[in-house]
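Here is a short report for a reader new to this structure. Please look over the sequence and the 3D view before reading on.

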Amino acid sequence: MSARAAPVPQAATGTGAMPRHVAIIMDGNGRWAKARFLPRLAGHKAGVEAVRRVTRHARRLGIEALTLYAFSSENWRRPDEEVSDLTGLLKHFIRADLNELVRENVRLRVIGDYRRFGAEASALIDDALARTAANTGPLLVIALNYGSQVELAHAARLLAERVARGEISAEAITPDAIEAELETRALPPLDLLIRTSGECRLSNFLLWQAAYAELLFVDTLWPDFDEAAFEAAIAQFGQRQRRFGGL
């Protein structure tokens with residue numbers, strides 16, 4: 001296997017640099033609701049408001065790409081009622097916010113197999129993707145029914161099939177070749193990954209992409225994550241020294 005050069009930072013680090021691509025594991029909706037003696041749906045609704053705050057502020061700050069972990073491939077293990085509530089909130093968000101995304105020149109992307117959410121939700125997502133496809137502004141990427149291990153297995157399978165057909169040699173399966181088969185292949189390299197609610201794990205999210213990302217775990221529950229919290233996270237990124245394996 002040929003060696004690939006280490007990635008080069010896009011800007012000086014440790015001096016207030018701004019990340020190009022930020023990803024967020026939006027965790028803590030249920031605990032937020034429980035602390036207020038509210039149903040979990042209330043926490044998810046409050047989480048949608050946090051999505052609006054953060055996505056709008058990311059645009060104001062000039063973040064090139066924002067990826068949000070909305071529903072993992074493991075979340076299907078949750079009760080049917082909660083999955084139905086989350087699907088309803090997804091549809092409501094698209095209906096309520098699509099015009100704003102179009103107006104703000106946002107390019108919407110989805111990673112993961114969103115077809116499992118049913119015909120109605122899939123049609124809404126297809127329409128939203130089509131209506132924002134020609135936009136040239138910041139990227140808003142929603143991970144829906146997404147699992148990084150499934151993504152990596154799919155990329156490996158595609159490359160193995162190409163080897164079997166004689167299109168490429170096994171030696172051609174390099175890190176670059178794998179990246180070219182990932183759902184995030186058109187996105188900037190991931191710079192900063194934030195997880196809210198105090199949990200310190202990646203939960204099968206962007207495992208390959210996070211190889212050299214800065215990781216930040218904050219105690220704030222997602223519904224309470226606001227513009228100030230987002231700016232604090234960006235400020236912490238700006239103070240990190242990113243060596244990419246060098247000195």
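## A threonine in a helix

Which backbone nitrogen does the side chain of threonine 132 reach? The side chain of threonine 132 reaches the backbone nitrogen of leucine 108, at 3.2 Å. This is a predicted model: local features need pLDDT of at least 70, side-chain atom pairs count only at pLDDT 80 or more, and totals for chains, interfaces and linings use all residues. Residues are numbered from 1 along each chain as its sequence is written, and side-chain values use heavy atoms, with hydrogens and water left out.

Threonine 132 lies in helix α4 (helices, H or I of at least four residues, and strands, E of at least two, are DSSP runs numbered from the N terminus). Threonine 132 has 0% relative accessibility, so it counts as buried (buried means under 20% relative accessible area, exposed over 50%, partly exposed in between, with a 1.4 Å probe and protein chains only). Beyond its neighbours within four places in sequence, threonine 132 is in contact with Leu98, Val102, Val106, Arg107 and Leu108 (contact means heavy atoms within 4.5 Å).

## Salt bridges

The count comes to 20 salt bridges (a side-chain nitrogen of Lys or Arg within 4 Å of a carboxyl oxygen of Asp or Glu). One of them joins the side chains of arginine 95 and glutamate 120, at 2.5 Å from N to O. Arginine 95 lies in helix α3 and glutamate 120 in helix α4, so the pair ties together parts 25 residues apart in sequence. Glutamate 120 is partly exposed, at 44% relative accessibility.

Glutamate 214 forms a salt bridge with arginine 240 at 2.8 Å, N to O. That pair links distant parts of the chain: arginine 240 is in the segment after α7 (227–239), glutamate 214 in strand β6 (residues 214–217), 26 residues apart. Arginine 240 is partly exposed, with a relative accessible area of 22%. Glutamate 214 counts as buried, at 14% relative accessibility. Glutamate 214 also forms a salt bridge with arginine 242, the closest N and O atoms being 3.7 Å apart. Arginine 242 lies in the segment after α7 and glutamate 214 in strand β6, so this pair ties together parts 28 residues apart in sequence. Arginine 242 is buried, as is glutamate 214.

A network of salt bridges links Asp27, Arg31, Arg195, Glu199 and Arg201.

Definitions and conventions:
A polar contact is a pair of N or O atoms within 3.5 Å; within protein, one must be able to donate a hydrogen and the other to accept it, and residues adjacent in sequence count only if both atoms are side-chain atoms.
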